[in-house]
Amino acid sequence: MKILLVDGTIFGKKTGALLQQVKQYIAEYDSELELEILSFNELNHQILDGSPLNDDMKMMIQKFEEADGYVFASPIFQASIPGVLKNAFDMIPPKAMRYKPAAIVGNGGTYQHHLVLENQLKPILDYFRCFVTPNYVYTHTSHFDENNKIIDEDVQARLKELARIFVQYCEMRKAVLKENSIEIK
Ligand SMILES: Cc1cc2nc3c(=O)[nH]c(=O)nc-3n(C[C@H](O)[C@H](O)[C@H](O)COP(=O)(O)O)c2cc1C
């Protein structure tokens, strides 16, 4: 199974550091999952305005379609997700992520915005009918050192638990495919 780990920001390092840690924990729980990080800072983003999509956007959409599951990492911008992440979701065909597991991690500059992921990112994934894991992890600047390394043990434990549950949700995806006699890659 292919898992796409989406780093939904085009600058900054903490969001990517969170994603790298989740990737490592997922690999520890299931070494057979094919894990790929999609870094938005490497893409030539295009506002969805009806004009033909550039190669990077086509490639991004294809990666979403081909994946069997997702981990989304997002910073909080203006009490919401970054526009670049929402713009990407707007390009994804509505059925592309259906019945696929999805987990969420995020990072903000204030503790007050920890529910942004729950209230804004999760409903988008619900719309796509993802199997959204019940646990998500929100971190704050104080959970990182000056090199953007995660230094908070509780955060590490929660990321590990998120990875454990995500791997179980991947099994659910396999069961759904099997029911429909779809080949599991
Ligand atoms: C344009 C902008 C808006 C932001 N708005 C918020 C906000 O509303 N709430 C919050 O907690 N942090 C806010 N922040 C702080 C970012 O969430 C924080 O810098 C980011 O999560 C750090 O991760 P990074 O190193 O991956 O960029 C904002 C940062 C920027 C650049």
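Predicted model: local features only at pLDDT ≥ 70, side-chain atom pairs only at ≥ 80, totals over all residues.
Now show the whole shell: 15 residues surround the ligand, and the closest are G12, T15, P75, G108 and G109. Colour the shell by class to see four nonpolar, nine polar and two charged residues.

Pick out its buried residues: K14, T15, G16, A17, L18, L19, Q21, V22 and I26. Around these buried residues, display what they pack against: the strands β1 (2-7), β2 (34-39), β3 (69-75), β4 and β6 (137-140), and the helix α5 (153-179).

Move to β3. Seven of its seven residues are buried, so β3 is largely enclosed by the rest of the structure. In a regular strand the side chains alternate between the two faces of the sheet. Colour G69, V71, A73 and P75 for one side of β3 and Y70, F72 and S74 for the other; both faces are covered.

β1 pairs with β3 in the parallel sense over five bridges; select D7 to find it opposite A73 in β3. β4 also pairs with β3 in the parallel sense, over six bridges. Here, select S74 and its bridge partner in β4, G106. To finish, trace the chain from β3 through helix α3 (residues 83-91) to β4: this β-α-β crossover is right-handed.

Technical notes: Residues numbered from 1 in each chain as written. Near = placed C-beta within 6 Å. Nonpolar A, V, L, I, M, F, W, Y, C, P; charged D, E, K, R; others polar. Buried ≥ 20, exposed ≤ 12 C-beta atoms within 10 Å, placed from the backbone. Helix = DSSP H or I, 4+ residues; strand = E, 2+ residues; numbered from the N terminus. Contact = placed C-beta atoms within 7 Å. Pairing = 2+ DSSP bridges. Right-handed = clockwise from strand over helix to strand, strands pointing away.
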